[in-house]
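These are my notebook entries on the structure shown below. I set down what I looked up, one topic at a time.

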Amino acid sequence: MAAPASAPSAAPRGRSRTAPPRLRAPRRPRSRTRPRRSVLLTVLTGLVLLYSLVPLFWLAVNATKTQEGLLGSFGLWFAGDFALFDNIAQTLTYDDGVFVRWLLNTLLYVVLGAGGATFLAVLGGYALAKFDFPGRRAVFAVVIGAVAVPGTALAVPTFLMFSEMGLTNTPWAVIVPSLISPFGLYLMWVFATEAVPTELMEAARIDGASELHTFFRVSLPLLSPGIVTVLLFTMVATWNNYFLPLIMIKDPDWYPLTLGLNAWSAQAQSAGGEAVFHLVVTGSLLTIVPLIAAFLLLQRYWRSGLAAGGVKD
Amino acid sequence: MVKRNRRLLRGTAVLCVLALGAAACGSADDEQASEGSPADVEAALKKGGQLTVWAWEPTLKQVVADFEKKYPKVDVELVNAGTADDQYTALQNAVSAGDGVPDVAQIEYYALGQFAMSKSVADLAPYGADKLEEAYSPGPWSAVTANGGVHGLPMDSGPMALFYNKKVFDKHGIEVPETWDAYVDAARELKKADPNVRITADTGEAGFLTSLVWQAGGRPYTVDGTDVRIDFSDEGSKAVTATWQKLLDEDLLAPVKGWTDEWYKGLADGSIATLAAGAWMPANFESGVKGAAGDWRAAPLPQWEKGNTASAENGGSSLTVPAASGNKALAYAFTEYANAGDGVRARLAEGAFPATTEDLTSKKFLATEFDYFGGQKANEVFAESARNVADDWSYLPYQVYANSVFNDTVGKSYVSRQRLATGLEAWQRKSAEYGNDQGFSVNK
Amino acid sequence: MTALSPPGAAERPALLARRPRDRRRWAGWGFIGPFLAVFGLVFLAPIGYSLYLSLFRDQIIGGTTFVGLENYGDALADPQFWEGLGRVTAFLAVQVPVMLGIALLVALALDSGRLYGKGFFRISIFLPYAVPAVVATLMWGFLYSTRFGLVANIDDALGVTLPDPLSPDLALASIGNIVTWEFTGYNMLIFYSALRVVPQSLYEAAEIDGAGQLRVVRSIKLPAIRGALVIATIFSIIGSFQLFNEPSILQKLAPNAITTYFTPNLYTYELSFAGRQQNYAATVAIIMGLITMVIAYVVQLRGMRKDV
């Protein structure tokens with residue numbers, strides 16, 4: 001490690017275009033001495049990469065196998081027959097195409113659940129960052145405290161309450177609990193603190209704008225990178241939500257993908273049930289593909305958003 | 001009338017939620033439970049209506065279609081609300097909440113006592129179920145009846161048989177064992193002939209072990225109202241633990257958890273050579289172990305004493321009518337259709353194994369040749385087994401819990417030096433503790 | 001009780017409130033109101049309900065009776081509860097530092113600009129976070145299998161016999177591995193992003209001082225992202241104490257190694273579902289919540305006060 005102390009290389013490509021102009025964290029200029037790339041460091045980090053990707057490789061490889069191939073061939077390489085497209089077709093049509101229905105349900109839950117969670121977190125984070133209201137200091141303590149209580153024990157009380165309100169076995173039973181993202185609230189708090197200059201808000205107020213108007217016209221645009229960040233985190237959480245739907249939803253027509261895949265997987269475990277491991281594997285692959293696509297598409301926004309979230313000065 | 005009861009129920013549910021008298025809530029409409037009569041069932045069918053059925057049994061799909069065709073005024077919604085425990089949890093939650101309770105629910109025999117005890121399921125005797133005793137083989141019938149009530153109708157049964165991979169046995173020139181002692185010998189020979197082969201896979205499963213005890217003549221559970229005895233020290237239990245201890249000590253069991261993909265793999269590639277299971281197993285072989293079609297056969301369960309013909313039930317489930325159902329008469333009509341009427345034939349055609357004596361003895365059924373088993377008339381083996389099941393077995397009224405802690409206690413014997421008998425003692429102790437906590441009088 | 005406030009934001013809002021106006025004071029509640037309303041419904045109400053439940057006992061025979069604090073006494077004397085708590089504490093002590101350590105090292109490596117193919121690394125290491133639990137069961141079931149899986153293949157290839165990752169002795173470590181796999185990338189990204197915005201002026205000053213690479217890491221980068229480290233630690237502590245998904249997944253494969261009381265959260269699950277002891281489950285959950293809160297609070301205090 002004899003390399004000269006130097007700043008890291010240029011900021012990620014997308015940032016200059018997407019970072020809000022008033023983000024207070026200064027962008028780092030292209031450093032004068034570009035650090036030498038290190039093969040050793042790349043190899044070492046490569047080990048972590050391998051660790052991350054091997055299980056996913058298993059998934060991709062096994063989605064190309066038939067049921068017999070899946071149960072009868074070496075897991076980390078392809079079997080003789082390449083059945084990926086067959087499997088995809090079967091997954092989408094099995095049991096009258098219920099997989100498509102689950103996919104649409106999941107999209108609904110993600111749009112309303114993750115979208116709503118992001119919206120609430122943005123409003124809440126903004127309030128914590130920019131308003132000194134009575135009880136502000138207690139809010140986050142209460143949130144953290146509540147999050148610390150194990151959720152499994154709360155499932156039955158929540159079920160009974162929701163049942164009283166007539167929410168069980170409806171999409172709302174999944175969407176309403178998804179609306180809360182404590183980590184999202186935290187991120188927005190920090191992000192809003194950094195990204196929205198108080199002077200701008202004051203200026204808007206002096207112009208006679210209402211708080212709501214100030215929020216939508218002045219603050220919201222500045223918060224957009226942070227919003228994308230929180231949206232991605234809540235999306236993943238909602239997309240993979242399993243435990244609560246398991247308790248709340250009994251009608252397979254309202255299952256999200258995770259419950260549906262679990263039901264398929266459980267088929268192999270019941271008398272007379274049809275084992276469909278190959279569909280579970282292919283369905284799993286299809287389940288994570290949209291998430292990966294979302295990451296790749298949004299990662300530039302996301303980087304700049306998170307960046308400010310971690311600012312400490 | 002139905003409507004008013006519903007509202008009443010809902011009112012009770014609010015109170016229940018306030019006090020969470022979950023068990024008490026389940027019996028909120030006790031008095032109404034005894035109202036039904038066969039005439040009500042007839043009337044309900046004429047009138048029609050809607051039914052929600054919670055079941056994971058795949059063959060019910062056809063039954064529902066046929067039923068709706070026969071009774072166009074009835075609309076049945078078949079919902080797979082989860083398999084086994086998941087569904088019981090859901091049912092329990094719905095009963096506690098007094099809302100969203102299905103009209104018909106599938107419940108395995110071992111779990112039925114629990115729902116009957118808390119009066120979560122209705123007594124079907126008044127609707128005409130009490131006249132069906134002759135229709136069923138003794139094992140399943142005794143499983144759905146207790147304290148003079150009929151808590152469900154048997155849907156299928158699981159008289160046990162020994163499934164074995166003939167190809168593997170032939171290859172190594174080993175005889176199919178007729179006694180459990182011979183089974184242990186066969187296990188040794190198999191392992192010696194091919195170190196990758198084990199006689200069977202077992203990581204400890206409550207249902208399997210209790211079935212073996214049942215076959216061996218052990219009766220560890222006796223239930224008389226709320227008085228319960230648990231005793232795993234009888235001869236039957238001892239015979240089972242002694243034999244299984246040998247298999248464990250000599251590393252003769254594959255440590256593969258049942259029903260996983262790895263297990264299916266082992267059944268397919270010959271590394272798991274036998275499987276003692278209920279007669280419902282062929283359907284699972286056909287869908288999950290396709291690769292080994294033609295290799296497997298069914299044989300009578302090995303005996304604890306040479307020359308005996310004892311057997312036991314393993315698995316199997318009933319259809320029940322939850323006490324909180326809004327249309328119990330119609331629900332019963334469907335249950336009877338599915339489990340004692342035309343539905344049975346439809347389900348047999350799809351590969352289910354019956355609990356009805358008429359079907360178990362029908363020539364056509366017995367003559368069915370299983371392509372999967374190389375053309376063997378396997379139903380003859382299963383039907384013979386069904387006849388030999390002793391019907392005086394009973395489970396605990398909280399067997400779901402007891403089974404859930406089986407691996408906490410007995411499981412240790414499968415992965416450590418703990419003796420199987422010690423594990424069973426711990427299981428017995430834990431089951432007794434729980435029972436006493438729940439207000440039963442266990443081993444007192 | 002002082003608020004747990006996010007790092008870096010602690011002092012700021014107080015400053016803006018120099019001239020609080022009534023209208024604006026309450027406008028804050030307007031903005032956070034919707035969040036708190038839903039939060040109250042899906043978190044606080046069930047917790048309140050659980051508190052209430054924890055004072056009762058419900059029996060299959062005998063129904064519901066008020067028992068005061070008896071459940072709390074029982075829980076504190078329950079060896080299964082303590083065993084589970086001990087296990088997650090051990091897990092916390094080992095897995096969290098390892099995971100956050102790897103995440104931090106990868107983040108520093110990415111930030112150093114000395115890697116080939118940085119973008120690929122970043123996204124790939126993050127990917128496991130997107131994999132649903134059902135899928136993870138199948139994958140890890142395969143990888144851990146000593147008969148057909150990766151462990152078996154390694155055994156064959158090297159002529160060794162690796163111990164079974166799902167044996168009682170190794171199950172906790174195997175779970176730790178899965179958790180590390182899932183969340184390293186997630187934490188890495190939080191750290192990396194924090195590193196990206198360390199003010200350039202600090203580096204320039206270090207350069208003038210002639211500080212070496214390691215020195216820059218120690219005295220500039222790490223202090224600069226301390227806030228991110230603390231919050232990642234707090235969320236990891238909560239995650240460890242609530243360990244549920246991974247053991248419950250592996251329990252399906254290795255029920256003898258992973259008992260129903262393996263972690264406190266599994267225990268409450270078993271109690272409230274298989275055991276129908278909702279009241280006792282609520283009690284255990286509340287005790288766990290209190291313990292977790294106290295520890296998270298201590299970490300926050302220590303992490304924030306140690307100024308450099």
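The entries that follow go from chain A and its interfaces to a helix pair in chain C and then to chain B.

**Entry 1: chain A.** I note at the outset that the model is predicted. I looked up the secondary structure of chain A and found 13 helices and zero strands. Read along the sequence, the pattern is accordingly α-α-α-α-α-α-α-α-α-α-α-α-α. I then checked burial: of the 313 residues in chain A, 53% are buried. I also took the contacts between residues at least 6 apart in sequence, and 74% of these join residues at least 24 apart.

**Entry 2: chain A against chain C.** I asked how many residues each chain brings to this contact. Chain A contributes 101 residues and chain C contributes 109. On the side of chain A, helix H13 (residues 277-309) gives the most, with 15 residues.

**Entry 3: chain A against chain B.** Here 25 residues of chain A are in contact with 33 residues of chain B. I looked for the helices of chain A that each supply at least two residues to this side, and recorded H3 (67-72), H6 (151-164) and H12 (257-267). The largest share, five residues, comes from H6(A). The side of chain A that touches chain B divides into eleven nonpolar, nine polar and five charged residues.

**Entry 4: a helix pair in chain C.** I described the pair by the angle and the distance between the axes, as is done for two packed helices. The axes of H4 (residues 79-112) and H11 (residues 226-241) of chain C come within 9 Å and cross at roughly 140°. H4(C) is therefore oblique to H11(C). The crossing of H4(C) past H11(C) is right-handed. From H4(C), I listed Val88(C), Phe91(C), Leu92(C), Gln95(C), Val96(C) and Leu100(C) as making the contact. From H11(C), the partners are Ala232(C), Thr233(C), Ser236(C), Ile237(C), Ser240(C) and Phe241(C). The residues of this contact comprise eight nonpolar, four polar and no charged.

**Entry 5: confidence in chain B.** Chain B has a mean pLDDT of 89, and 92% of its residues reach 70 or more. Residues 1-33 of chain B have a pLDDT below 50, yet I found that this stretch has 62 contacts in the model beyond near neighbours in sequence.

**Entry 6: helix H11 of chain B.** Is H11(B) enclosed or open? I found ten of the ten residues of this helix (residues 206-215) buried, so H11(B) is largely enclosed by the rest of the structure. Among the buried residues are Phe208(B), Leu209(B), Leu212(B), Val213(B) and Trp214(B). I looked up what covers the buried residues of H11(B), and the cover includes helix H7 (109-117), strand E7 (160-165), helix H12 (235-249), helix H20 (399-404) and helix H21 (406-409) of chain B. Just after H11(B), Gly217(B) takes a positive phi of about 95°.

**Entry 7: Phe382(B).** I located Phe382(B) in helix H19 (residues 378-387) of chain B. Why does Phe382(B) count as buried? Phe382(B) has 28 other C-beta atoms within 10 Å, and the cut-off for a buried residue is 20 or more. Leaving out residues up to four places away in sequence, I found that Phe382(B) touches Pro159(B), Ala161(B), Ala279(B) and Phe353(B). Phe382(B) and Gly158(B) lie 224 residues apart in sequence but 8.5 Å apart in space, C-alpha to C-alpha.

How values were computed:
Residues are numbered from 1 along each chain as its sequence is written. Chains are lettered from A and ligands numbered from 1 in the order in which they are written. This is a predicted model: local features need pLDDT of at least 70, side-chain atom pairs count only at pLDDT 80 or more; totals for chains, interfaces and linings use all residues. Helices (H or I, at least four residues) and strands (E, at least two) are DSSP runs, numbered from the N terminus. A residue is buried if 20 or more other C-beta atoms lie within 10 Å of its own, exposed if 12 or fewer, and partly exposed in between; C-beta atoms are placed from the backbone. Two residues are in contact if their C-beta atoms, placed from the backbone, lie within 7 Å. Axes are lines fitted to C-alpha atoms, for helices over the stretch in contact, and angles run from 0 to 180 degrees between N-to-C directions. Angles under 35 degrees count as roughly parallel, over 145 as roughly antiparallel, 65 to 115 as roughly perpendicular and the rest as oblique. A crossing is left-handed if the near helix is turned anticlockwise from the far one by less than a right angle, and right-handed if clockwise. Ala, Val, Leu, Ile, Met, Phe, Trp, Tyr, Cys and Pro count as nonpolar, Asp, Glu, Lys and Arg as charged, and the others, Gly among them, as polar. pLDDT is the predictor's confidence in each residue, from 0 to 100.
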